Amino acid sequence: MFTLLGADNTFYQSEEPGTLGGWSGGKIYGKLDCASALRAIAKGGYVKKRVFFADEATAEAAGYRPCAKCMPEKYAEWKAKQSKK
(Lines give C-alpha, C1' and ligand atoms only; values in the text may rest on other atoms or scores of the structure.)
Protein backbone atom coordinates (compact mmCIF):
# COMPACT_ATOMS: atom_id res chain seq x y z
CA MET A 1 0.00 0.00 0.00
CA PHE A 2 1.04 3.57 -0.68
CA THR A 3 0.18 6.68 1.31
CA LEU A 4 -1.06 9.54 -0.86
CA LEU A 5 -2.31 13.04 -0.08
CA GLY A 6 -5.85 13.77 -1.19
CA ALA A 7 -7.47 16.96 -2.46
CA ASP A 8 -8.77 17.59 1.06
CA ASN A 9 -5.20 17.48 2.46
CA THR A 10 -5.77 14.20 4.28
CA PHE A 11 -3.69 11.09 3.71
CA TYR A 12 -5.20 7.87 2.38
CA GLN A 13 -3.97 4.41 1.45
CA SER A 14 -3.83 3.41 -2.21
CA GLU A 15 -2.87 0.23 -4.00
CA GLU A 16 -1.43 2.42 -6.76
CA PRO A 17 1.70 4.52 -6.18
CA GLY A 18 1.55 8.27 -6.64
CA THR A 19 2.46 9.65 -10.04
CA LEU A 20 3.73 12.95 -8.62
CA GLY A 21 5.75 13.96 -5.58
CA GLY A 22 5.38 17.09 -3.54
CA TRP A 23 6.96 19.09 -0.76
CA SER A 24 4.53 20.28 1.88
CA GLY A 25 6.98 22.92 3.10
CA GLY A 26 6.54 24.94 -0.08
CA LYS A 27 3.30 23.46 -1.44
CA ILE A 28 5.07 22.39 -4.66
CA TYR A 29 4.47 19.25 -6.72
CA GLY A 30 6.42 17.76 -9.58
CA LYS A 31 7.69 14.68 -11.35
CA LEU A 32 9.10 11.87 -9.25
CA ASP A 33 12.45 12.19 -11.04
CA CYS A 34 12.70 15.99 -10.67
CA ALA A 35 16.39 16.92 -10.39
CA SER A 36 15.63 19.67 -7.85
CA ALA A 37 13.70 17.31 -5.61
CA LEU A 38 16.34 14.60 -5.89
CA ARG A 39 19.06 17.09 -4.85
CA ALA A 40 16.97 18.20 -1.86
CA ILE A 41 16.33 14.57 -0.89
CA ALA A 42 20.07 13.84 -1.06
CA LYS A 43 20.76 16.72 1.33
CA GLY A 44 18.21 15.37 3.83
CA GLY A 45 15.33 17.06 5.60
CA TYR A 46 13.17 17.28 2.48
CA VAL A 47 11.97 13.72 2.98
CA LYS A 48 10.15 14.63 6.20
CA LYS A 49 7.80 16.88 4.24
CA ARG A 50 7.54 14.70 1.12
CA VAL A 51 4.04 13.82 -0.06
CA PHE A 52 2.68 11.94 -3.08
CA PHE A 53 -0.30 12.57 -5.32
CA ALA A 54 -2.33 10.39 -7.64
CA ASP A 55 -2.50 13.13 -10.29
CA GLU A 56 -2.12 16.85 -11.02
CA ALA A 57 -5.76 17.68 -10.36
CA THR A 58 -5.49 16.31 -6.83
CA ALA A 59 -2.24 18.16 -6.16
CA GLU A 60 -3.71 21.46 -7.32
CA ALA A 61 -6.96 20.90 -5.40
CA ALA A 62 -4.82 20.39 -2.27
CA GLY A 63 -3.28 23.83 -2.87
CA TYR A 64 0.04 22.82 -4.41
CA ARG A 65 1.64 24.50 -7.42
CA PRO A 66 3.67 22.89 -10.23
CA CYS A 67 7.47 22.82 -9.96
CA ALA A 68 9.11 25.48 -12.13
CA LYS A 69 12.09 23.21 -12.86
CA CYS A 70 10.57 19.89 -13.95
CA MET A 71 7.18 21.19 -15.13
CA PRO A 72 7.96 24.61 -16.67
CA GLU A 73 4.92 24.66 -18.97
CA LYS A 74 2.52 23.80 -16.14
CA TYR A 75 4.24 26.33 -13.89
CA ALA A 76 3.86 29.06 -16.54
CA GLU A 77 0.14 28.26 -16.83
CA TRP A 78 -0.26 28.31 -13.04
CA LYS A 79 1.63 31.62 -12.76
CA ALA A 80 -0.51 33.21 -15.48
CA LYS A 81 -3.68 32.17 -13.63
CA GLN A 82 -2.31 33.64 -10.40
CA SER A 83 -1.53 36.99 -12.00
CA LYS A 84 -5.15 37.27 -13.21
CA LYS A 85 -6.52 36.91 -9.67
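Colleague: What is the relative accessible area of asparagine 9?
Modeller: This is a predicted model, where local features need pLDDT of at least 70, side-chain atom pairs count only at pLDDT 80 or more, and totals for chains, interfaces and linings use all residues. Residues are numbered from 1 along each chain as its sequence is written, and side-chain values use heavy atoms, without hydrogens and water. Asparagine 9 sits in the loop between strand E1 (2–5) and strand E2 (11–14); helices (H or I, at least four residues) and strands (E, at least two) are DSSP runs, numbered from the N terminus. Asparagine 9 is partly exposed, a class between buried (under 20% relative accessible area) and exposed (over 50%), using a 1.4 Å probe and protein chains only, and its value is 37%.

Colleague: What is the phi of lysine 27?
Modeller: Lysine 27 lies in the loop between E3 and strand E4 (28–31) and, at 32% relative accessibility, counts as partly exposed. Although lysine 27 is not a glycine, its phi is positive, at about 55°.

Colleague: Which strands stand at the edges of the open sheet?
Modeller: The sheet has four strands in the order E5-E3-E4-E6, with mixed pairing; two strands pair if DSSP finds at least two bridges between them. Each edge strand has a single partner strand, so one side of each is left without a neighbour in the sheet. The edge strands are E5 (50–53) and E6 (65–66).

Colleague: Which residue in E5 is the bridge partner of tryptophan 23?
Modeller: Strand E3 (residues 20–23) and E5 run antiparallel and are joined by four bridges. Tryptophan 23 has as its bridge partner in E5 arginine 50.

Colleague: Which residues have the most contacts inside the largest nonpolar core?
Modeller: A nonpolar core is a set of buried Ala, Val, Leu, Ile, Met, Phe, Trp, Tyr and Cys residues joined through side-chain atoms within 4.5 Å, and the largest one here has 14 residues. Not counting residues up to four places away in sequence, tyrosine 29 touches, among others, Leu20, Phe53, Tyr64 and Met71, where contact means heavy atoms within 4.5 Å. The residues with the most contacts inside the core are Tyr29, Phe53 and Tyr64.

Colleague: What is the radius of gyration of the protein?
Modeller: The radius is taken over C-alpha atoms, and the globule rule is 2.2 Å times the number of residues to the power 0.38. A compact globule of 85 residues would have a radius near 12 Å. The protein agrees with this, at 13 Å.
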